[in-house]
Amino acid sequence: MKDFRTYDGIDIPAVGLGTWQSAPEDCYRAVRWALDAGYRHIDTAHAYGNEADVGRAIRDSGIPREEIFVTTKLPSHIKDEQGTEAHLTESLRNLGMEYVDLYLIHAPWPWSDIGRDCTEGNIIAWRTILELQIRGFVRCAGVSNFLPSDIRPLLEDTGVMPAVDQIRYFVGNTQRETTFFCQENGILVEAYSPLATGSILDNDILSDTAARYNVSVAQLCIAYCLRNGTLPLPKSVNKARIEQNIAVDFAISDEDMAKLDALDGIGPYRRLRS
Ligand code: A2P
């Protein structure tokens, strides 16, 4: 499968393993299975509490560090310079790595206070991450859960656009305004929860469509993200599903894409901000 390339020339393998809600002991095995199955992209976060397991699994795999793309994230409540540097240092220690491939501001506001205006703090965190990038600790810098209105101030202050915005994205919830803004501006959209954390897998329309391609609903959902130019990060701790989720080399027809696009807004999802 083709890699995605960020506007600053970094290649990111097309399907990444998501590890949100993967308990540490499950996470280790999941990462090992994923690497065996051919994944070369693992997504974690300080907040997930499993960075050490991701790092250990990568080391134990014997695959050279530089062949694996590793993402982690700055906790959403950290919006100052010292805290940003300290948390990246801690994440690197947890991972047992000298650098991460992608470092994201996890959210524009603390999870305990969704929607709070943290523009000033986001600018400070963003500036700090760019410095850490120059110092070689971060290859690629980005954000997560940011709306266009959260991204613009970063650009205005530093002149540097995030390379990635990782957002909640799945059939029925494509955050069109944010996706359009990002794609217009060369920001790669990564899709977390591409299976809606499992809640769309029994949808009748998706089941019928998937059956016509002889694939699972999960595979259809992952292929849908790819077809829309977003990089899916399906989470699984099950070996067979991990293997299935990267076997998505089939093309959804334009007609079916239109049908799936039309499901936007009716899925069982939680809006972060309307
Ligand atoms: P499990 O980890 O037991 O495989 P998302 O990526 O949207 O967060 O969705 C993750 C959820 O979907 C988890 O509950 C995961 O369970 C489940 N899942 C992942 N891959 C598949 C698959 N191929 N088929 C069915 N369920 C899946």
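Predicted model: local features only at pLDDT ≥ 70, side-chain atom pairs only at ≥ 80, totals over all residues.
**Entry 1, a pair across the chain.** I looked up Arg176 with that term in mind, and I found a relative accessible area of 48%, so Arg176 is partly exposed. Its partner in a salt bridge is Asp264, and I read 2.7 Å between the closest N and O atoms of the two. Where do Asp264 and Arg176 lie in the chain? I traced Arg176 to helix α6 (residues 176–184) and Asp264 to the segment after α10 (254–261), which puts them 88 residues apart, and I therefore wrote the pair down as one that links distant parts of the chain.

Next I turned to Glu243, which forms a salt bridge with Lys239, the closest N and O atoms being 3.2 Å apart. Both residues sit in helix α9 (residues 239–246), and because they are four residues apart, about one helical turn separates them. I looked up the accessibility of each: Glu243, at 36%, counts as partly exposed, and Lys239, at 40%, counts as partly exposed.

**Entry 3, a pair within α10.** I then found a salt bridge between Asp256 and Lys259, with 3.7 Å between the closest N and O atoms. These two are three residues apart in helix α10, so they are separated by about one helical turn. Is Asp256 buried or exposed? Its relative accessibility is 5%, and Asp256 therefore counts as buried, whereas Lys259 is partly exposed, with a relative accessible area of 43%.

Last, I looked at how helix α7 (residues 204–213) packs with helix α8 (residues 217–227), and I found an angle of about 90 degrees, with the axes 8 Å apart. Angles from 65 to 115 degrees count as roughly perpendicular, and α7 is therefore roughly perpendicular to α8. Which residues make the contact? From α7 I listed Leu206, Ser207, Thr209 and Ala210, and from α8 I listed Val217, Leu220 and Cys221.

Notes. Residues numbered from 1 in each chain as written. Heavy atoms only, no water. Axes fitted to C-alpha atoms, helices over the stretch in contact; angles between N-to-C directions. Parallel < 35°, antiparallel > 145°, perpendicular 65-115°, else oblique. Contact = heavy atoms within 4.5 Å. Salt bridge = Lys/Arg side-chain N within 4 Å of Asp/Glu carboxyl O. Buried < 20%, exposed > 50% of the residue type's maximum accessible area, 1.4 Å probe, protein only.
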